[in-house]
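Subject: Structure handover

Hello,

Here is the structure I promised to pass on.

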Amino acid sequence: MDKLKTGQLPALSDPTGKLKGVGPRIGERLQHLGIRQVQDLLFHLPHRYIDRTRLIPIGALRSGDTALCQGTVELVQVLFGRRRSLVCRISDGTGAITLRFFHFSRAQQANLRQGMTVRCWGQIRTINHALEMVHPEYSRVDADEDITLEQTLTPVYSLTQGLSQFKLRNLTGQALETLSRDKAGLTELLPDRVSTQFGRLSLGQALRFVHRPPRDADLDSLMDGTHPAQQRLVFEELLAHHLSLRLLRKRAQARAAFPVGKDADGRVKEFLGNLPFELTGAQQRVLAEIRKDMAHPLPMLRLVQGDVGSGKTVVAATAALQVIHSGFQVALMAPTEILADQHFFNIKQWFLPIGIPVLLLTGKQARAEKDDVLARLNSAQPSVVVGTHALFQEQVAFSNMGLIIIDEQHRFGVDQRLALLEKGAAETRQPHQLIMTATPIPRTLAMTLFADLDISVIDQLPPGRRPIKTTVLSNEKREEVIERIHDVCKQGRQAYWVCTLIENSETLQLQAAEDIQEHLARQLSELNVGLIHGRMKSAAKEAIMDDFKAGRIDLLVATTVIEVGVDVANASLMIIENAERLGLSQLHQLRGRVGRGSQASDCVLLYQTPLSGNARVRLNRMRETGDGFAIAESDLELRGPGEILGKKQTGVPELHIADFVRDAHLIPRVRQTADHILEQYPQQVNKLISRWLSTKIDFGKV
């Protein structure tokens, strides 16, 4: 792409290739960050700042500080010990500090000479009562020159491979210069009454401040993300996100859906009456909400949240029964073959006695079996098909789809869920959608992330479910835990031992599942100790699970592949290894694999010492409560939405500056402003969405 003439700045709408220093390779790397146009650089916002505007005397440095200092080189030498290192001692008359490099070249060693003056930036630590910086940033300076320092705080950006902070700062600097000259390139899209709430900061002023804060800016509020300039941008980003979901819901409901009539009520009542249990009040309430939705000629868009064991599957099956009775097909998509098999087994048990075909479609099936399922789907015969990702393969065709059920929705990529929805859609109508999750999503986050969905909550466990006792133990108590397993299994019950890695790692202090299985099999020689992990072939996993369900395996060593879909009532003890490395929501999901029968159940969280303060808080939270929603709230506070839901899979957008937890107080005002803009300034809506979500707008379509 031709560069502009020297001195001529590009427009904000120009591709980044018009900027100095951006060739095809850098342009490709910028695209990995969602940066295609010059103005995209303005919205690639810093996530923290470095204060290089002040030179700190070495004598005033304290361990733990990150600071800029300057001194004269007194000594340079290479030390040999457990690790070879280059050390350089500098002083400034107030004190001395050692710069240490474990990775260095001969040229770097030669360039650091006694008597020269260097300026360095890094974190200070104390070793043997002496100050030290490890791998600081440094540069040579002329001791006779006046001290020239940065005039603004230094921004730190998210990077991708092949892009440095220096390069991004240079490019954002060019974009800010363009902003100063291209007055028409960045229009105000917020109503006046909103922008005045943020100190009358214009969008351009807020962007300039956030990219290059002046040296006297409040660094604490900037690091917290609460500075008025940041909040001005946060509000607009949350507004764009919320508006996109509102538009996508409107678009989804522009197509009609076949209403599901009440003529199935009798059959539903008969079906529920034949179950060996009664629905809880919460299940009945959620089912009534689903039936009310599907009675309308608009497609249902409903998310059902329910804690582990709350009975979401039977609610989904009852909704499916109504749809089938009205003459349509139902697809249920699960993220793993284990979970798909579990759903298939349960629904087939319920539906075959009443003459409803239940089909299974997974990657493990033989070609002839798959072809038979595909032919039956294409025949438009009312039925339920349960499957994994195989459901949206090209050769799969639905001719009469009335309801799509997606279980553990956060485990699917956006494109996968959208592909299934499009497969089920006809020219003039769209299937109803029922999305289920056993990962409780706190109300604030749900209101923000799922503004395009109606939300139901099954907040009641079936009667008879006994609480699971959770114990937190150091790895030093391992032998006592193994003895406990022996006692439990000798009483005729079964146990899980969950690991997070399959094979040994030199860098992580994690016990490998294969090693643990061998070790436990030796120590518990009277028991049958099995092993299951994600890299096994489907047939092998299925055989292991069949043996465990049948009681032929006493202790199952497993990776987190068992997090969902494993339902063995006789299993009453779970050990989770390296529990400090897992999030609360994942620990809660794993813990939910026990306590599914009538006997008392236990979960032991084993941790490696030393335990950080944050990890201690999280593990204690697991011990204190079995309430999935309370745990999700804690997880949200401690780790954020992307960690809870799996950012890369959920379609949770990688926000530029907003934080769904920190900025929750803005949500009510965001919703009010969205109403106002949709009513008074509809022409601004797509511009706002495009500005903030241009590269990820598809996330809400499902």
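**What was found**

Just after helix α18, Gly551 takes a positive phi of about 85°. Keep in mind that this is a predicted model.

Start with α18 itself. The helix covers residues 538-549, twelve in number. From first C-alpha to last it reaches 16 Å, close to the 16 Å expected at 1.5 Å a residue. Its buried residues are Lys541, Ile544, Met545 and Phe548. Seen down the axis of α18, these buried residues fall within an arc of 95°, so they line one face of the helix. The cover over them includes α12 (337-351), β17, β18, β19 and β20.

**The sheet**

Several of those strands belong to an open sheet of six. The order is β16-β21-β20-β17-β19-β18, and the pairing is parallel. Which strands stand at the edges? They are β16 (468-474) and β18 (529-532). Each has a single partner strand, so one side of each is left without a neighbour in the sheet. On average, neighbouring strands of this sheet are turned by 20° against each other, direction ignored.

On one side, four bridges join β18 to β19, and the two run parallel. Val529 stands opposite Leu555 there, and Leu531 has Val557 as its bridge partner. β17 also pairs with β19 in the parallel sense, again over four bridges.

Where do the side chains of β19 point? Leu555 and Val557 go one way, Leu556 and Ala558 the other. All four residues are buried. As background, side chains in a regular strand alternate between the two faces of the sheet.

**Helix α16**

Helix α16 (residues 478-490) lies across β16, β17 (494-498), β19, β20 (571-576) and β21 (601-607). It runs at about 150° to β17. At 1.5 Å a residue, the 13 residues of α16 should span 18 Å; the end C-alpha atoms are 19 Å apart, which agrees.

Buried in α16 are Arg478, Val481, Ile482, Ile485, Val488 and Cys489. Viewed down the axis of α16, the buried residues fall within an arc of 120°, so they line one face of the helix. They pack against β16, β17, α17 (513-523), β19, β20 and β21. Just after α16, Gly492 takes a positive phi of about 95°.

**Nonpolar cores**

The largest nonpolar core has 53 residues. Which of them touch the most other members? Leu30, Leu42, Leu233 and Leu239 do. At least two residues of this core come from each of α1 (24-32), α2 (38-42), α4 (165-181), α6 (203-211), α8 (228-252), α24 (667-680) and α25 (685-693). α8 gives the most, with eight residues.

Take Leu30 as an example. Leaving out residues up to four places away in sequence, Leu30 touches Thr16, Val22, Ile35, Leu41, Leu163, Leu168 and Leu171.

**Backbone points to check**

Most residues other than glycine have a negative phi, and most peptide bonds are trans.

- His129 has a phi near 70°, a positive value in a residue other than glycine. It lies in the loop between β5 (117-127) and β6 (130-134). At 83% relative accessibility, His129 counts as exposed.
- Asn578 has a positive phi of about 50°, although it is not a glycine. Its place is in the loop between β20 and α19 (584-591). Is Asn578 buried or exposed? It is buried, with a relative accessible area of 1%.
- The peptide bond from Thr609 to Pro610 is cis, with omega near -5°. Pro610 is found in the loop between β21 and α20 (613-624).

Best regards

Notes:
Residues numbered from 1 in each chain as written. Predicted model: local features only at pLDDT ≥ 70, side-chain atom pairs only at ≥ 80, totals over all residues. Heavy atoms only, no water. Pairing = 2+ DSSP bridges. Axes fitted to C-alpha atoms, helices over the stretch in contact; angles between N-to-C directions. Contact = heavy atoms within 4.5 Å. Expected span 1.5 Å × (residues − 1). Buried < 20%, exposed > 50% of the residue type's maximum accessible area, 1.4 Å probe, protein only. Arc of directions from axis to C-beta. Core = buried A, V, L, I, M, F, W, Y, C linked by side-chain atoms within 4.5 Å.
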